[in-house]
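Take a look at the strands and the charged side chains in the structure below. Follow how they pair.

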Amino acid sequence: VEDNRKGYYDTLSEASKGWHESNHDPRAWIEYWLEVMVLGAYKKLETRLRNHETGYGAKKGLVSDAFRRLPMRFRISDLRDRCPSVGDDTIRSFLAGCRQEGKVRCLGKGRHAVWEKSV
């Protein structure tokens, strides 16, 4: 609704004409609601499902994609924020593999440690 505020109020106005005389036609509102709310929600769900991988290694793939989009220096919390469905163990395992391959190094210790990508 927020994305189409004008359409919302226009349709609401149209559907409420004759309200006080019990002579209104709610079809415009019902059609709007079905189109914007229900179909919009299904479209958004479809997009999310299409973009979400399934199967073995999917979460590691999510972390890998997020890692590529991170700046040169980042924290584990940055990865966690970009991959809320992925557990900390998977994120740490991914970073350990990257460290072994020389793709990243850790600058510091603890939860505020900064990680740096290799060039």
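Which residue stands opposite E116 in β3, seen from R105's strand or otherwise? R105 does. This is a predicted model, where local features need pLDDT of at least 70, side-chain atom pairs count only at pLDDT 80 or more, and totals for chains, interfaces and linings use all residues. Residues are numbered from 1 along each chain as its sequence is written, and side-chain values use heavy atoms, with hydrogens and water left out.

Start with the strands (DSSP runs of E, at least two residues, numbered from the N terminus). Strand β2 covers residues 104-107 and pairs antiparallel with β3 over 4 bridges; pairing requires at least two DSSP bridges between two strands. The β2–β3 hairpin has 6 residues between its strands, and G108 takes a positive phi near 115° there. Strand β1 (residues 73-74) also runs antiparallel to β3, joined by 2 bridges. Here R73 stands opposite E116.

Now the side chains of β3 (residues 114-117). V114 and E116 point one way, W115 and K117 the other. In a regular strand the side chains alternate between the two faces of the sheet. All four residues are buried, meaning under 20% relative accessible area with a 1.4 Å probe, protein chains only; over 50% is exposed, in between is partly exposed.

E116 forms a salt bridge with R73 at 3.0 Å, N to O. A salt bridge puts a Lys or Arg side-chain nitrogen within 4 Å of an Asp or Glu carboxyl oxygen. E116 also meets R105, at 2.8 Å. That pair ties together parts 11 residues apart in sequence, because E116 lies in β3 and R105 in β2.
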